[in-house]
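The sequence and structure come next.

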Amino acid sequence: MFPEQPAAYLNGEFLPLHQACVPVLDRGFIFGDGVYEVIPVYAGRPFRLAHHLQRLANSLAAVRIDNPHTDGEWEGLIAELVRRNGEGDQSVYLQVTRGIAPRDHRFPADSRPTVFLMSNPFKPVPEAELRDGVAAVTLNDFRWELCHIKSISLLPNILLRQQAVEHGAAEAILLRNGKVTEGAASNVFIVSDDVIVTPPKGDCLLPGITRDLVVELAMEHGLPCEERDIPENELRRAGEIWLTSSTREILPVTRLDDIPVGDGRPGPVWRDMLGHYHRFVDTLRRPA
Ligand code: PDD
């Protein structure tokens, strides 16, 4: 059972989440100067932890914050947090900022990174969303040019998601120079002439852990899959559109800009892939 007063971790100690406080001069608060991860936990076991820790290391290196922990130490902290919060299905949020220093844009000479972890109960995707799919809208990707960094500076993503929500949609699918990049907080796949397609990795999108697994599962099960650019007109005539993320797994989009996608129902390739995905997760729940 997830506790009513969940535990968190801040700079060396576990404490109740509501008692965790960061000084206002933390550069995360002042500048959004930090990076984060969201790691799903199924039956108490972190999902693709090595992949998440590698992406964290890449984000830290890209913003030039020294990684404050070894992978073994991260693993220990996450395991202890998950244990304190009752095992089960959770979503671990992990954040590292450049630390506390007088406000000055340049890097401080001697700050210590702030390390914060919390976890939330993992909410399954609502039945109705799996049955009917969700709506998405296309928006101009006006974010910066380093979208492969999992930065806590999420103001553009927040504005884009909110715009989608105000259009009655669950997600914004972003277009840059006439091509799909990703969602405001998800990666994008389409099914085009029976081929699963997702944009290639690069600095225009976050290399999603769920995205990579979907590509792996497609290869393993012999489903044609390509990592290549998706022009806007191909998105608009796709038979299926999916969104992937750690928190929403693989979600079918059945309306794009108020127009049905395919026949307006979640598609057969999505259904197949979600089955493969859930069987993969089940191997975590019931290790051999
Ligand atoms: N976001 N792209 C963006 C911009 C994201 O924020 C996310 C996830 C993804 C999917 O990555 P992954 O499969 O590793 O979760 C792609 C998380 C869930 C969040 O910010 O809450």
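## Cysteines

A disulfide is a pair of cysteine sulfur atoms within 2.5 Å. The model is predicted: local features need pLDDT of at least 70 and side-chain atom pairs count only at pLDDT 80 or more, while totals for chains, interfaces and linings use all residues. Residues are numbered from 1 along each chain as its sequence is written, and side-chain values use heavy atoms, with hydrogens and water left out.

A search of the whole structure gives zero disulfides. For C225, the closest cysteine sulfur is that of C204, 19 Å away and too far for a bond. C225 is partly exposed at 25%, and C21 is exposed at 58%.

## Salt bridges

A salt bridge here is a side-chain nitrogen of Lys or Arg within 4 Å of a carboxyl oxygen of Asp or Glu. The count by this rule is 24. One of them pairs R106 with D104, with the closest N and O atoms 3.2 Å apart. R106 is exposed, at 63% relative accessible area, and D104 is partly exposed, at 32%.

K179 and D229 also form a salt bridge, at 3.4 Å from N to O. This pair links distant parts of the chain, 50 residues apart: K179 lies in strand β9 (residues 179-183), and D229 in the loop between β12 (225-227) and α7 (232-236). Helices (H or I, at least four residues) and strands (E, at least two) are DSSP runs, numbered from the N terminus. K179 is partly exposed at 35%, as is D229 at 38%.

D212 and R211 meet in a salt bridge at 2.8 Å, N to O, and both residues are buried. Salt bridges with shared partners join D141, R143, R176 and E182 into one network.

## Domains and their contact

The domain assignment, from an automatic or database source, gives domain 1 (7-121) and domain 2 (127-285). Their centres, taken over C-alpha atoms, are 26 Å apart. Contact (heavy atoms within 4.5 Å) takes 27 residues from domain 1 and 20 residues from domain 2.

The area buried between the domains is about 2000 Å², and carbon and sulfur atoms give 62% of it. Buried area is the accessible area (1.4 Å probe) that two parts lose on being put together, summed over both. Two salt bridges are counted between domain 1 and domain 2.

Technical notes
Buried < 20%, exposed > 50% of the residue type's maximum accessible area, 1.4 Å probe, protein only.
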